[in-house]
Amino acid sequence: MPPFQTIRVYEGGEKVGVTFIALAGLTSLLSIIYLIIFKRPNPTTFKNTNMLGYLISLLIANLLQSVGSVMNLEWVAKGGVQIGDACSAQGGLKHAGNLGASIWTVVIAIHLFGLLFLRIRADTALFLALICLAWTLIVVLVWIGPIAIEKTDSGPYYGISGVWCWITTNYPKEQIFLEYFFAFLSASICFVLYVVVLLRLRGILVKNGDNKWRIRVTRPRGVDTLVDTGRNRIDSATLNISKRMVWYPVAYTILVLPIMLIRLSDFDGQKVPFWAMALGSVIFNLMGFVNVMLIIHLERWFPAVSALPTTSTRQELPPTSFSNSEGLAPLTLRHLDDQEKGDINNIGKKDSRTRKKDSTLWVRVELPVRPQNSYIPPEEWQSTGKFGMLY
């Protein structure tokens with residue numbers, strides 16, 4: 001007899017559980033196909049951010065996951081798992097999809113951290129380099145097992161693992177370090193980066209006079225949102241986007257955590273009931289469906305023209321204007337009533353003497369017509385005032 005399983009016959013409720021897992025994968029697969037055919041994202045929504053390319057890569061990884069899970073229907077039809085080409089293919093697809101989901105989720109988190117926290121522009125060369133590097137890493141990690149790690153005495157690298165095919169139990173270290181490690185690392189990095197971004201945009205994480213970061217415990221009264229004026233000035237739409245984008249790492253963590261905890265408990269020798277394993281796998285295989293739903297609603301959250309700081313100009317303000325607020329200044333917007341609008345419209349009719357006598361300097365700013373919550377970069381403003389002046 002070979003030192004590995006060649007067939008695994010389903011017992012009890014295993015066939016039903018595997019069917020639900022396959023249906024969850026089918027749901028994600030159909031969702032991705034629907035997005036590609038009927039609801040393709042508008043590229044202009046992600047202008048100057050490179051976000052669309054990263055999201056497409058994430059969807060490709062989810063597609064591989066879904067195809068691997070749908071292949072469980074073959075085992076359901078046969079009443080058990082059998083080693084062979086289909087089993088090896090399923091193991092490789094599931095491994096590639098799971099790795100891809102982890103890697104591309106953390107790439108998106110790091111990219112948004114650079115845009116929102118570090119205020120750096122999205123670089124096309126860096127984007128192409130990351131695309132090539134990440135997919136190369138995924139391919140190498142998937143193929144290194146069968147090519148370099150697989151041993152004759154231990155059996156095939158991709159084979160029967162539980163009630164489906166994946167990295168076999170004869171390679172436990174590879175199961176942990178070549179997949180679950182990346183999942184834990186991705187969830188942890190995403191959580192930390194998004195928390196730091198939100199703390200800065202909320203005015204809680206600030207720089208002091210020595211250009212060092214510190215936590216600000218209190219904020220000025222009556223100010224709901226503080227915007228960093230020391231570098232690129234951003235508006236409430238950017239803050240709104242960052243709040244919404246936090247659902248990507250949150251969703252990933254919620255979906256991947258149950259199956260990881262179950263697997264780690266199984267590795268530790270604890271008896272895990274099959275229904276718990278099946279439930280965790282069903283939740284995990286809905287990742288493609290959840291990401292599609294987030295992308296569909298993403299265009300509603302993102303302005304028509306990118307609200308990220310990549311298209312805005314730097315505005316250096318005199319240090320005295322915010323020296324007492326540690327580099328932070330409140331951004332306040334309000335609607336004008338009809339009387340105030342009439343007063344502003346009459347500015348052009350006043351002569352220079354009248355303007356000098358006014359105690360208030362009125363500046364008329366006409367913004368281009370955009371959807372609600374759109375970010376309008378300063379270079380597109382039509383203003384009667386001089387740029388760079390402090391009003």
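Is Ser 57 buried or exposed? In this predicted model, where local features need pLDDT of at least 70, side-chain atom pairs count only at pLDDT 80 or more, and totals for chains, interfaces and linings use all residues, Ser 57 comes out buried, with a relative accessible area of 4%. Buried here means under 20% relative accessible area, exposed over 50% and partly exposed in between (1.4 Å probe, protein chains only). Residues are numbered from 1 along each chain as its sequence is written, and side-chain values use heavy atoms, with hydrogens and water left out.

Ser 57 sits in helix α2, residues 51–70 (helices are DSSP runs of H or I, at least four residues, and strands runs of E, at least two, numbered from the N terminus). Neighbours within four places in sequence aside, Ser 57 touches Trp 104, Ile 131 and Trp 135, a contact being heavy atoms within 4.5 Å.

Now for helix α5. This helix, residues 124–149, has 26 residues and spans 36 Å from first C-alpha to last, close to the 38 Å expected at 1.5 Å a residue; the expected span is 1.5 Å times one less than the number of residues. Still, α5 has a kink of about 40° at Trp 143, shortly before Pro 146, with the bend taken as the angle between axes fitted to the seven residues ending there and the seven starting there. Buried residues of α5 include Phe 127, Ile 131, Ala 134 and Ile 138, and their cover includes α2, α4 (85–116), β3 (158–161) and α6 (172–201).
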